[in-house]
Every structure is written in structure tokens, then in C-alpha cells.
Amino acid sequence: MHIHRLEKIWIVIGTLMLVVFLIAVGIGAFVMDDHPPGHSKGIKLDPEKVYETPPFDNPRLEKIGENEYNAYIVAYVYGYSPNNIEIPVGATVHFYVTSADVVHGFAIPGTNVNMMAVPGEVNELTYTFDEPAEYLLLCNEYCGVGHEYMATKIIVKG
Amino acid sequence: MHGKSDSKLALWHILVAYVALALGGVAGLLQGLVRGGLIELPYGIGYYQLLTAHGVLMALVFTTFFIIGFLYAGMVRTTGPLLNTVNRIAWIGFLMMVVGTVLGVILVLLNKATVLYTFYAPMKASPWFYIALVLIVVGSWCALAAIVSQLRYWKRTNKGKMSPLFAFMSATTMILWFVATLGVAATVLLQFIPWSFGWVDKINVMISRTLFWYFGHPLVYFWLLPAYMCWYVILPKIIGGKMFSESMARLAFVLFLIFSVPVGFHHQLMEPGISPTWKYVQVVLTFLVVVPSLMTAFSMFATFELYGRSKGAKGLFGWLKKLPYGDARFLLPFVGMLLFIPAGAGGIINASNQMNAVVHNTLWVTGHFHITVATTVAMTFFGVTFWLIPHLTGRTFTKKLNRMGILLTIVWSLGMVIMSGAMHIVGLFGAPRRTAYTTYFDHPTALSWLNYETVMAIGGVILFIGIIILVASIVMLLRAPKGTEEFPIAEVHENAGSVPAVLDKWGIWIVILVVLILIAYTVPFSDMLGSGYGSKPWVTW
């Protein structure tokens with residue numbers, strides 16, 4: 001098959017750039033452990049029994065170390081439990097999120113916190129809040145007629 | 001065109017597509033104005049109802065009807081009149097799709113299916129909404145049967161000849177569509193319908209999402225490949241040049257076929273229930289479409305450069321001055337092609353594993369698919385429409401119509417750049433997609449998005465003017481002076497070389513495709529099947 005010399009060069013350079021790119025993404029994920037959210041050790045729970053199943057029977061912020069917290073959060077139509085979470089600046093928070101009904105979003109604009117809350121599943125993500133602010137935590141997946149009101153705050157105190 | 005019934009068949013598909021586009025455009029305009037905070041909806045119409053109508057009518061109905069009509073017209077042009085049986089199957093498919101569309105739209109208007117076009121479980125629409133979707137999909141499978149049978153007949157009667165490029169590409173597009181729609185058919189038939197009728201209590205949410213996105217990404221290539229057919233096969237003829245290379249065009253198409261299906265997880269990167277390893281495997285497979293995309297870009301500009309130089313163009317870029325920018329049949333797809341360059345760059349960001357967290361479910365994504373399907377693909381289809389309708393109706397493409405086409409190019413690209421540009425920027429700041437007007441109780445972050453949302457509304461109004469120009473053009477096309485209009489099919493450049501036989505077959509490519517799908521999905525899909533609790537139905541609107 002005839003391929004023009006310039007086209008061969010074009011494809012080879014493009015493919016090499018792609019390989020470098022994919023290696024960089026792969027190193028980010030597997031060497032630097034910067035995975036997308038969700039590697040929650042395969043925990044499942046019955047979405048009809050969320051409020052009876054630990055740890056979501058008691059949705060809360062739990063201190064586990066020096067300025068380090070676990071946040072067990074239930075998303076539901078149209079809010080999050082617990083509401084208005086307060087943490088000190090510099091806090092590292094491990095978010096564990098599930099849904100009590102339909103699929104919801106869990107996003108904090110201005111940070112890289114952005115993940116899906118899926119019924120029956122637990123999503124997990126860690127973030128360190130280095131800036132004091134009242135962050136908006138909102139649902140970014142359509143969940144019903146009150147979707148645009150589904151939000152709360154993460155208050156990071158300086 | 002030879003058979004009158006064939007022309008009618010293609011024309012009806014195109015006309016239904018544009019009725020859907022006009023209705024979807026009204027929904028889009030209203031959404032833009034609501035989100036921009038400029039109006040509130042009267043008569044209890046819901047924002048999310050409009051959003052569902054807009055998504056279904058534009059993404060599923062407009063595209064599918066236009067594509068199938070365009071492919072039929074091109075099959076007739078390159079392989080002769082449709083066989084009687086083929087013509088009959090095609091009409092049956094058309095009727096099924098029309099019934100499905102009407103049923104679906106009625107249910108959305110009745111507020112029985114406000115689940116958006118992705119209909120994520122465990123939100124439950126009326127079971128008849130899912131049945132409407134089945135009718136559209138099965139109707140489109142009739143088009144696959146029709147196109148493949150027509151091509152087989154041509155091959156039987158033209159032994160030893162390479163099949164016409166347009167026909168090969170049509171069949172490849174429909175095979176891609178069939179493989180992709182198996183996923184959505186499986187989730188609708190095996191999960192949604194029994195569950196929405198109440199025959200089973202629970203639905204496995206992760207399985208349904210995974211089957212949806214197994215379909216949802218190749219869906220975008222089903223939109224794109226017919227636009228590429230116009231670029232590869234038709235544009236060189238319109239500018240008066242020749243196709244750069246037939247083998248590379250065919251190779252690009254089979255590569256799109258095998259690399260566009262086993263990649264759905266890049267839409268699910270932010271989800272639980274899928275291990276990071278399998279997400280990464282599908283991210284790698286996603287990016288392999290870079291190769292045929294680079295080939296397509298090279299072919300297009302090589303064709304343009306060869307043409308310009310044949311007209312005496314000098315210097316490195318002199319050929320750019322020789323292109324027929326005053327011809328709407330060229331300008332519409334060409335501007336779409338140029339805007340595909342930033343659009344593709346945005347797509348690379350979306351699929352980049354970790355970087356997806358910055359843009360996932362923000363207005364950036366809405367901006368992305370408006371600059372891709374609603375710009376590159378739609379503008380190419382508009383360009384095709386200006387000669388295809390007169391070709392099918394025995395009329396001519398006049399100077400006046402050409403001016404309408406140029407005007408449409410300017411208005412549409414301007415509206416899209418403004419609207420999609422604002423969506424991309426405010427999306428980076430975190431503004432969510434698929435959300436009605438809100439200030440989140442006057443939170444400063446949300447208030448800072450409002451100006452961008454007003455700009456989006458302005459872009460939306462400009463686009464609606466574009467839709468009015470388009471509808472007027474179609475009415476004018478249907479009443480244009482009688483005559484003949486050619487269906488342009490380019491010849492191949494004399495230096496292109498011969499085409500290897502393997503690029504006129506699908507067997508080997510389908511085997512590779514199936515193997516890749518099995519590699520990408522078997523383990524994570526079995527994990528989902530073997531574990532997890534189901535969800536009961538919810539109606540939250």
C-alpha cells in the first residue's frame with residue numbers, strides 16, 4: 001500500500017507524541033498514585049438500607065489524625081448529609097460518598113473534588129484544603145426537579 | 001437519482017431530521033434563556049423536560065435520520081437503484097423510527113419521561129419511553145440490513161471490482177452503529193423495560209450505565225463518520241480537485257471502527273465500581289483514535305494543497321488562497337473542519353484520566369459536544385443538504401440559495417463560538433451542566449458564573465436565528481427551479497496507488513473489534529454482574 005512520505009512522518013510523530021502522553025498519564029496514575037476517584041476497595045451496600053449500614057448509619061465528619069478526617073456523606077434528593085461541614089485550614093479529608101436514591105454528583109468548584117454518588121456503591125476521594133474559604137459543594141448530575149437547589153458548604157476556617 | 005421511490009426515501013429521512021432540528025432548536029433557545037436568567041418558563045413547562053426534548057431530538061433523532069437518508073442517497077449514486085426488497089426494508093425501518101420518535105416526544109411532552117437523553121437508572125420513565133427508544137434503534141437496524149444487502153448485491157454483479165468508496169464507508173458506519181447499539185438495546189430490553197413495567201423490582205445501576213456508555217461513545221463516531229464521508233469523498237469534487245488517497249481513507253474508517261467501541265469507561269472515570277486499571281486500559285484505547293484522526297487531517301489538507309497547486313498556487317501556503325470560499329457547499333463543512341481542531345483538543349482533555357476531574361459534568365462538556373457534533377458534524381450536514389435536497393427533488397442549487405448557505409455559515413459558527421466558548425470557560429470554573437438557573441442561595445462562586453451564562457444565552461439566540469435561516473433555506477430548496485443537481489463523488493488522485501483487498505472487507509476488522517471489546521469489558525463487567533445490590537425505581541420530577 002502506498003503511503004506518502006510526508007504522511008508517514010506525520011503519523012509517526014503523532015503516534016510517538018501519543019505514546020509519550022499515555023506513558024505520562026500512566027505514570028501519574030500507577031507510580032504517583034494519582035488515580036481518578038472511585039477505588040473504594042469494592043465496598044457495596046443496599047441502597048434501601050443506607051441509613052442502617054455502617055458507616056452511613058451515622059453520616060459524619062470523623063477525626064482520624066492530626067488535621068486528618070474521614071467524611072461519610074450520603075447524597076439524597078436534594079441535599080447532602082451531613083450538611084455544612086466545618087474543617088480547619090490544611091485539613092486532609094477522605095470523602096466516602098454514596099447515594100440513598102438516584103445518581104448524584106459531588107463536586108466542589110475551585111478544587112479537583114468531582115465524583116459520582118451512585119446508589120449501591122461507595123465513591124472515595126482525598127483532598128487537602130489549603131485555602132480558607134466557604135466552598136460550594138454541589139450536585140452536578142441531573143437528579144430531578146430540585147436538582148438546581150442541591151448544594152451545601154464546606155467551610156474551611158483559617 | 002434513478003428510482004423515484006429511492007429519492008423519496010432519502011428525502012423523507014432528511015425532512016424528518018430537519019423537523020426534529022427545528023423543534024429541538026426551540027427547546028434549546030428556551031433552555032438558553034432560562035439558564036441565562038432571562039426568562040421563566042410559562043404553563044408549568046419544566047426546564048428538564050425541555051432538556052430531555054432537546055437532547056433526544058438533536059442527538060438521536062436529527063442525526064440518525066439525516067445520516068441514514070444521506071447514506072441511502074449515496075448508495076443509490078454509487079451502486080445504482082435500491083433493490084425492491086432493500087427499498088421495502090428501508091421504508092419499514094423509516095416508519096419504525098418515525099413511530100418511535102413520535103411516541104418518545106409525546107411522553108416527554110406529557111412529563112412522563114423527564115430523564116434526559118441518557119435516561120440514567122434508577123430514574124424511571126414510562127415504560128413506553130423505553131419502547132419508543134427500541135423502535136428507533138430497531139428501525140435503524142433495518143437501515144443496516146438495507147445498506148449491507150445492497151452492497152452485497154453490487155459485489156455479486158460486479159465480480160472482481162473494489163466496492164465504491166462511499167458504499168464501503170456507508171456499510172462501515174452502519175456496522176459500527178450496530179455493534180454500538182447492541183449495548184443500549186441490551187440495557188433497554190433486559191433491564192429497563194422489565195423493571196419499568198414492574199416485572200422485576202430492582203435494576204443494577206452500574207451495569208446499565210456501563211451498557212449505556214458502551215453505546216454512548218461510538219455514538220459520537222456514528223455522527224462523525226458520515227461527516228468524514230463528505231470530507232473524503234465529496235469535498236474534493238466540490239472544489240474541483242481529487243481525493244488524496246483512497247487506501248488511507250479506507251484504513252482510517254476501519255481504524256475508527258475498531259477503536260471507537262471498547263472505550264466507554266472514559267465517560268465513567270469519576271464513578272465508583274470500576275477499578276483504576278480498567279479505566280486506564282480504556283483510556284489508552286480511547287486515544288488510539290488519534291491515529292485515524294491525524295490521517296484524516298492530513299488527507300484533507302493534502303487534497304486542498306494539491307488542488308491549490310494545480311491552480312498555480314505558489315509558496316508554502318499560497319494554495320489556501322485558491323479554495324472556493326464563496327461556495328456554501330464547501331464553506332459550511334470547511335468551517336466545521338477548522339473548528340474541529342480546538343474541539344479535538346478539548347476532547348483530549350476530557351478523556352485524560354485524572355484531568356477529567358476538572359471538567360466532568362461541568363458546562364465544559366456541554367461546550368465540547370456543541371463545538372463537535374453541533375458544529376463540525378452539523379455544519380457538514382448543512383453543507384450536504386444544500387445540494388442533496390435539489391439532487392433528490394430534481395431541482396437546482398441557485399445563487400440565492402448559496403447566499404443563504406454563506407449567511408448560515410457565518411451565523412452558526414459565530415453563535416457556536418460564543419455559546420460554546422462561554423460554556424468551556426465557565427465549565428473550567430466548575431459550573432455544572434444539565435442544571436436550571438440557580439445561584440445556590442447566592443453563593444459567591446455561583447454568582448460569578450452568571451455573566452458567562454448570559455453570554456451563553458446570547459450565543460443561543462444567534463443559533464436560533466441560524467435555525468430560522470436553515471428552515472427558510474430548506475423551504476427555498478424544496479421550491480427551487482427545476483433541473484438537475486449532481487451528487488458529487490470525487491475521483492482518486494493519479495499518484496494515490498492501488499488499494500489492498502483487505503481494505504474492502506470487514507471480517508478481519510470485526511474480529512479485531514470483538515477481541516478488543518472482550519479485553520476491555522469482560523473482567524470489569526463480570527465484576528459488576530457478580531456483585532452489588534439493585535435499585536428500586538424513582539420518579540423525581
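In this predicted model, 60 residues of chain B are in contact with 56 residues of chain A. Contact means that two C-beta atoms, placed from the backbone, lie within 7 Å. Helix H8 (276–287) is among the elements of chain B that give two or more residues to this side. H8(B) gives the most, with six residues. By class, the side of chain B that touches chain A has 34 nonpolar, 21 polar and five charged residues. Here Ala, Val, Leu, Ile, Met, Phe, Trp, Tyr, Cys and Pro count as nonpolar, Asp, Glu, Lys and Arg as charged, and the others, Gly among them, as polar.

Some notes on reading the model. Residues are numbered from 1 along each chain as written, and chains are lettered from A in the order written, with ligands numbered from 1. Local features need pLDDT of at least 70, side-chain atom pairs count only at pLDDT 80 or more, and totals for chains, interfaces and linings use all residues.

Now take chain A. Its domain assignment, automatic or from a database, gives domain 1 (1–35) and domain 2 (47–157). Their centres, taken over C-alpha atoms, are 37 Å apart.

Next comes strand S4 (residues 85–88) of chain A. Strands are DSSP runs (E, at least two residues), and helices are runs of H or I with at least four; both are numbered from the N terminus. In a regular strand the side chains alternate between the two faces of the sheet. In S4(A), A:Ile85 and A:Ile87 point to one face and are buried. Buried means 20 or more other C-beta atoms within 10 Å of the residue's own; exposed means 12 or fewer, and partly exposed lies in between, with C-beta atoms placed from the backbone. S4(A) runs parallel to strand S10 (residues 151–157) of chain A, joined by four bridges. Pairing takes at least two DSSP bridges. A:Ile87 has A:Val156 as its bridge partner.
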